[in-house]
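Subject: Structure handover

Hello,

I am passing on the structure we spoke about. Please look through it first and then read the notes below.

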Amino acid sequence: MSEIAAQASGVRLRASAWSERARRVAIARLDDLRLAFASLSGHKLRSGLTLLGIVIGVFTVVSMMSLLHGLQNSIDKNMGGLGADVFQIQKFPNFNFGALSPEILRRKNLTVTQALQLRDLLPQAKQVGAEVWEFGKEISAGKQIDQGGAVAGGTAEFFTNNNLPIGSGRGFSEAEAMSASRICVLGAGAVDVLFPNGDAIGQRVRLGRLELEVVGSVERLGGGPLGGGNPDNLIAIPITLFLELYGTGRSVNITVMAKKHDEMQKLQDLAIGAFRRARGLAATADNDFEMFSNDSARATFDQLAGTVTAASLFICALSLLVGGIGVMNIMLVAVAERTREIGLRKALGARRTRILMQFVIEAVLLACFGGIIGVLLGFAGTAVAHFLTFPAEVPAWAIALGLGVSCGIGLLAGIYPAARASRLDPAVALRDE
Amino acid sequence: MALIELEHIVKTYDLGLSKVPALRDIHLQIDRGEFVAIVGQSGSGKSTLMNIIGCLDVPTAGRYRLSGRDVSELSDDELADVRNLEIGFVFQSFQLMPRASALENVELPLIYRGVSKKERRARAQGALDLVGLADRMTHKPAELSGGQRQRVAIARALVTQPSLLLADEPTGNLDSKTGEEIVGLFHDLHGRKNTIVLVTHEPKLAARCPRAVRLVDGLVIADGPGVKVAMGNAEALGAEAVAQLLAAQAATVQR
């Protein structure tokens, strides 16, 4: 044989030795897994009770994280397009746990008149506007029909306060907004549907029983379906016209823009005082309105989320600790019970690592079952929350965290009992009664 | 050819306060194909000797060669490999896994040899067939009689085709008729060129083996045809022989 051929066969030999080794390890681990399944299913009640701590721990973290994650998503949706320097005054709070209290439900509507009063009482603001919304309306232009559009009634400030730049044409003047002029501004999506081949400005559209002239259109905003509907499918009309069309018995939202972002907080404090006067509240009465801005909503939520996360992680860590101790305890019991079996396995040729792996895999499998049950219960809890119309969504990382941590716990808890088993003297272990 | 060579084997158990000698100076050679009984009362050191021959334990001093390889100073894992490859154990209390079927019990040593599931199954079936349990493969130990259980254990010992079959009081937990059957099976296996070492306290059993070794107080005091070793006035012979051997040993140490 030439030298090259000899070398080549040497390489092949080494490669095949390696794959033989890999094959043996794979067979061994598969056997260990089978064995662990058999021995766990032989003690169903005991295994189940052992798992309780881990199940509770993982359930807590998964369900809490899904509630927080869902809340976060719903906040991001509800924030919509309020500009960064803008805060809003409204009748009801944006986020609420459970039902609204009767005091809140008894609040009087906010009116356009109050908005105009606030404008006079708050000269520190850059501008004060009012707006009101309807959703899922039909707009038509000739044979073209746009379904499901959002209808906004606004003052002249509507477009700037909501961060909706005018793309072509114009917005409303103050006079038009206050005199129910039959005009409208369309979002880019509405223009696409109603006027597929041409300019919308100067055309007429029908909204309910009214025919309106299009005076402008908003720049295309884009945004996916996760952003809470298509923000481009919009028709904005003067607020007075809106109230004429859909009824006056509704509360308006008042939007206030600061001159500078730094002044937001100060301006909100001033606005509370000014608006209490506009509402004619007695000095001792509580505010009968809510203030809301992107910043404040996010800050309140983040604070809450931080506390809840910390608390649930603490509960989770505690239950996992208890669960881990439980797993270690049951593994020690298993090693003691199965001393003779271990002796026999060693007598039949099991090396230390085989015995070690057998018990470690059993512990990991046990803990992992706990993790899986915990995650499934977390999903069940989320489904219940959904049923109660609470926004909840299990984040992928919570599943990974739950499963990963429980497997890790199993590993940690299993190593010591498994090491004890692997070090047993076979001659002594075989005689164990 | 010698399968087992024991030279000056000493085993002392260290109990902290005192050292207890279990084996004092054992010389023994067993060839391939032999059927040897090791007899002795309890406390004679026969269990210790069995553990050493079975590589479950290592001697305190002396040399043990199995199939020509020195195994007296191997590590735990190396001993595990030797047991797996060279030795098939049969225990007094059968030592079967209660939840596993006869077939799965017999497969067990092959698991530690890295044999694939399919091949394990085939070889275990062959071994059970050999001990006459072809129709009981899926039975759990609890569903088998004592004799059948010991047959399963023997099949498990045979499945790896070991150089040595090492049986520790294999009839101890059986009634005499069933015990007879098991002894018959061992004779059968001996006829098929298996090397068998049988540890027992029953002279009657030893008498039926071609060769027997008598152990008293950790010393070999008789080695010869089974009938002679077992049936001589065992105890009297034992006491006298031990005295002689101890004197001879003392003399060697002084010199």
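What follows is a short account of what was found, chain by chain.

The model is predicted: local features need pLDDT of at least 70, side-chain atom pairs count only at pLDDT 80 or more, and totals for chains, interfaces and linings use all residues. Residues are numbered from 1 along each chain as its sequence is written, while chains are lettered from A and ligands numbered from 1 in the order in which they are written.

**The two chains**

Chain A has 14 helices and ten strands; helices (H or I, at least four residues) and strands (E, at least two) are DSSP runs, numbered from the N terminus. Of its 433 residues, 39% are buried. A residue counts as buried if 20 or more other C-beta atoms lie within 10 Å of its own, as exposed if 12 or fewer do, and as partly exposed in between, with C-beta atoms placed from the backbone. Among contacts in chain A between residues at least 6 apart in sequence, 83% join residues at least 24 apart. Two residues are in contact if their C-beta atoms, placed from the backbone, lie within 7 Å.

Chain B has nine helices and ten strands. Buried residues account for 44% of its 255 residues. For chain B, 67% of the contacts between residues at least 6 apart in sequence join residues at least 24 apart.

**Where the chains meet**

In the interface, 20 residues of chain A contact 20 residues of chain B. On the chain A side, the elements giving two or more residues are α1 (3–41), α11 (339–347), α12 (352–387) and α14 (426–430). By class, the chain A side has ten nonpolar, two polar and eight charged residues. Here Ala, Val, Leu, Ile, Met, Phe, Trp, Tyr, Cys and Pro count as nonpolar, Asp, Glu, Lys and Arg as charged, and the others, Gly among them, as polar.

**Helix α9 of chain A and its neighbours**

Helix α9(A) covers residues 264–279; at 1.5 Å a residue its 16 residues should span 22 Å, and its end C-alpha atoms are 22 Å apart, which agrees. The expected span is 1.5 Å times one less than the number of residues. Its buried residues are A:Met264, A:Leu267, A:Ala271, A:Ala274, A:Phe275 and A:Ala278. They pack against β1 (86–90), α4 (112–121), β9 (253–257), β10 (290–293) and α10 (294–337) of chain A. Just after the helix, A:Gly280 has a positive phi of about 70°.

The axes of α4(A) and α9(A) are 9 Å apart, at an angle of about 135°. Axes are lines fitted to C-alpha atoms, for helices over the stretch in contact, and angles run from 0 to 180 degrees between N-to-C directions. The two helices are therefore oblique to each other; angles under 35 degrees count as roughly parallel, over 145 as roughly antiparallel, 65 to 115 as roughly perpendicular and the rest as oblique. On the α4(A) side the contact uses A:Gln114, A:Gln117, A:Leu118 and A:Leu121, and on the α9(A) side A:Ala274, A:Phe275, A:Arg277, A:Ala278 and A:Arg279. That contact has five nonpolar, two polar and two charged residues.

**Helices α10 and α13 of chain A**

The axes of α10(A) and α13(A) (residues 396–422) come within 9 Å and cross at roughly 30°. These helices are therefore roughly parallel to each other. Among the residues that meet are A:Gly323, A:Gly324 and A:Val327 in α10(A), and A:Ile409, A:Gly410 and A:Ala413 in α13(A). By class, this contact has 13 nonpolar, four polar and one charged residues.

**Two single residues**

A:Arg182 sits in the loop between α6 (174–178) and β5 (183–186) of chain A. With 14 other C-beta atoms within 10 Å, A:Arg182 is partly exposed. Not counting residues up to four places away in sequence, A:Arg182 touches A:Leu210, A:Glu211, A:Leu212, A:Glu213 and A:Leu241.

B:Thr48 belongs to helix α1 (residues 46–53) of chain B. Eight of the eight residues of α1(B) are buried, so this helix is largely enclosed by the rest of the structure. B:Thr48 itself has 23 other C-beta atoms within 10 Å. B:Thr48 and B:Gly218 are 170 residues apart in sequence, yet 8.9 Å apart in space, C-alpha to C-alpha. Leaving aside neighbours within four places in sequence, B:Thr48 contacts B:Lys11, B:Ala22 and B:Leu23.

Regards
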